[in-house]
Amino acid sequence: MNMKNTLLNTRKTALVTGLAIATASLALSAQAMTVISFGGSSGEAMQKAYYAPFVEKTGKTLTPGDYNGEFARIRAMVETGNVGWDVVEVESPELVRGCFEGLFQPIDWAKLGIEDQLIPEAVTECGVGSFVWSTVLAYDADRLEGTPLSWADFWDIETFPGKRGLRRGAKYTLEFALMADGVSSTDVYDVLATEEGVARAFAKLDEIKEHIQWWEAGAQPPQWLVAGDVVMSSSYNGRIAAAQEEGRNLAITWNESLYDLDYWTIIEGSTQVEDAYEFIRFASQADTQAVYSSNIPYGPVNPAAIGALSEAQAKRMPTHAENLIGAIAVNTDFWVDFGEELEQRFNSWATR
Amino acid sequence: MTSALAMSQPAISEKVPGLKAQLRRAERLRKLKAIALVAPLAIFLMIAFVIPISNMLWRSVDNSEVMQVMPETARLLTEWDGKDLPSEAVFSLFAQELRDSRTGGGLGRIGRRLNYEDPTFRTLLTQTLRVLPATTETTWSETLQSIHPRWSETETWLALQRAAPATTDRYLLAALDLKRGSDGNIERIEENQRVYQQVFVRTLVIAGGVTLICLLMGFPLAYLLATLPTSQSNILMIFVLLPFWTSLLVRTAAWIVLLQSGGLVNTTLMTLGLIESPLQLVFNRIGVFFAMVHILLPFMILPLYSVMKGISPVYQRAATSLGAHPFAAFWQIYVPQTLSGVAAGTILVFIMAIGYYITPALVGGPSDQMVSYFVAYYTNTTNNWGMAAALGTFLLIATLLLYLVYHKLVNQKQLIRN
């Protein structure tokens, strides 16, 4: 979520976070379950879809709060034993790190009993997927002649002349380069784990290096596409959907997109484990997920929720059956382990 | 007479100690007052500068993770010769301390540290912990080796050994694209990983360039401000200060809007027929210079203005009336008097520019990122604070060195003038 937020939003979020701490500490005395999310428009959608209906249905108290993904806060809570949060939304790298460090309680999937209803990536050792977002190939359908169908087309400067936007960094970029080079989406991480694979990805990037305009914040790709700075770009699907709602004719190629999840976790040392399970179960149902996804274009982890959405909304979901064809999940374990090395290599490559 | 003198002397010397003590007391009181007055500032400096900076310097060599989480294993491993596999004692202590590390967050710390030695170490620890028994019927070395074959490789234990001492130079070396080879000698890292030497040079070049442009643009403007009548100069001053009061992010974003391919500048130039296709003015070095000069210019103008305001025009007039060419009068009489303003302005702009992060991140390309960008990356994204601290340390050293050189130069110039 950090990356999806614009940099401009950070200060505002920090303020909100401050308020959230205040609410969270108040909640501790009342012994209500505290649910922490990233806030913003996603938090508002969660309020409508999960928090309010949960309180209404179960009669239990729930204190919502938000934070900015500060992993150190969770770590400090668990280490000092002063655990004020119960259920926390985290991004996948934090899930992997926190699970390894024992900051999150392992999920008892038998007890939760919803394993078969969710997409496979939502089922992990310490976290239950909350929603799916995707990094896709986006283009302005009004400007571009023809339809790019894959990353190979993205690399095809002759058929689609003009600048391209890619995220400044190794993550996503190297995967896309390999797919453009003909590696099938299912083999990408196997190839990238080898030295030859990394060299192959960078060699592929060399081909279009001078045509790339690198973006830093998630708000940049749709803006560049609209302004005509680039003809196509990698982008977070939520950003494109927001631009579409403003009436821009931006289009998404879902083939070979990379999707990632945010997760619900239960903090180690939480005293509200029973309520936490009940909440997570509630928030994973098809009907509540449909309400969430109709408020914000992040895909439900429960595929049955897609059916409850309008046709136009359903087509924007990363987990729509058609959109999942050729798409793969980001291998977070891989990036947690090799990220630093590859980012350094990317920066070295970018300067050459 | 002599006797009277002799008698009066002791009387004087009796009084003197009392006077001296009083003086001392008064002195002491004054000192205490002075200390009390500077104490808040001193304490503030301690808390806000000295402690955090020393903490940062320490972090760049800190290697205590393994030593704190696995004290016994670390101790034994430092004694190990590294040739054959370590002894059973090491295996057994390691198994025990690894299991204990799950509580209290120790595992996360050693996992992160060991991953710098080998990116697959964290996975190895997870896989090992998942099946590690509480007790063993055979030896711990056999148990561990049966859990994962990598525990029978000396390379795995050598990585642990490298992480065992209390301090390390790996971060400082890595921040200069260097590393220790297997024989312990310092060598350069592989060519496709080298980046930081270039980043440091780039940071100095950008900061220097921005300072120079600010000086060239700021000097005439400050001169104009100082010489115009007050009513006009006040209006001009507002124009200087207005951007100063606007958020840095807003100003940076505004430059993107102006300079992008479909932006105001490019469309105007194209409508006028001056260019055929849009110029690339942003997301490269040009954009970085535009935005940074704009943001830092007031920091150059204000010190220059305050110095110029105090310079009497009489000297320059005297020089001209004595037959000097107007330019010579300006260059030889006026400019030397502004030197302290120039010094303050350039050092202020340069030191601010050297730490810039958000502006180059938003309006620069991948080859325009400065040291702070990487510091932020290691601090926020990967939690590798050792690396962030090492880069910060070198940035600090570079700044201090430049400041010293500069200080010397300016002082010498002033000496010559005097």
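The following conversation concerns chain B of a predicted model and the contact of chain B with chain A.

Student: How are residues and chains labelled here, and which pLDDT limits apply?
Tutor: Residues are numbered from 1 along each chain as its sequence is written, while chains are lettered from A and ligands numbered from 1 in the order in which they are written. The model is predicted: local features need pLDDT of at least 70, side-chain atom pairs count only at pLDDT 80 or more, and totals for chains, interfaces and linings use all residues.

Student: How many residues does each chain give to the contact?
Tutor: Chain B gives 30 residues and chain A gives 28 residues; two residues are in contact if their C-beta atoms, placed from the backbone, lie within 7 Å.

Student: Which elements of chain B give two or more residues to that side?
Tutor: They are α5 (106-117), α6 (121-131) and α17 (358-363) of chain B. Helices are DSSP runs (H or I, at least four residues) and strands likewise (E, at least two), numbered from the N terminus. The most comes from α5(B), with 4 residues.

Student: Changing topic, what does UniProt place at residues 200-406 of chain B?
Tutor: The unreviewed UniProt entry gives "domain: ABC transmembrane type-1" there; such annotations may be inferred rather than shown by experiment. Over residues 200-406 chain B is 80% helix and 0% strand, and the end C-alpha atoms are 19 Å apart.

Student: What is the domain assignment of chain B?
Tutor: The assignment, automatic or from a database, gives domain 1 (1-59), domain 2 (65-165) and domain 3 (196-417). The centres of domain 2 and domain 3 of chain B, taken over C-alpha atoms, are separated by 52 Å.
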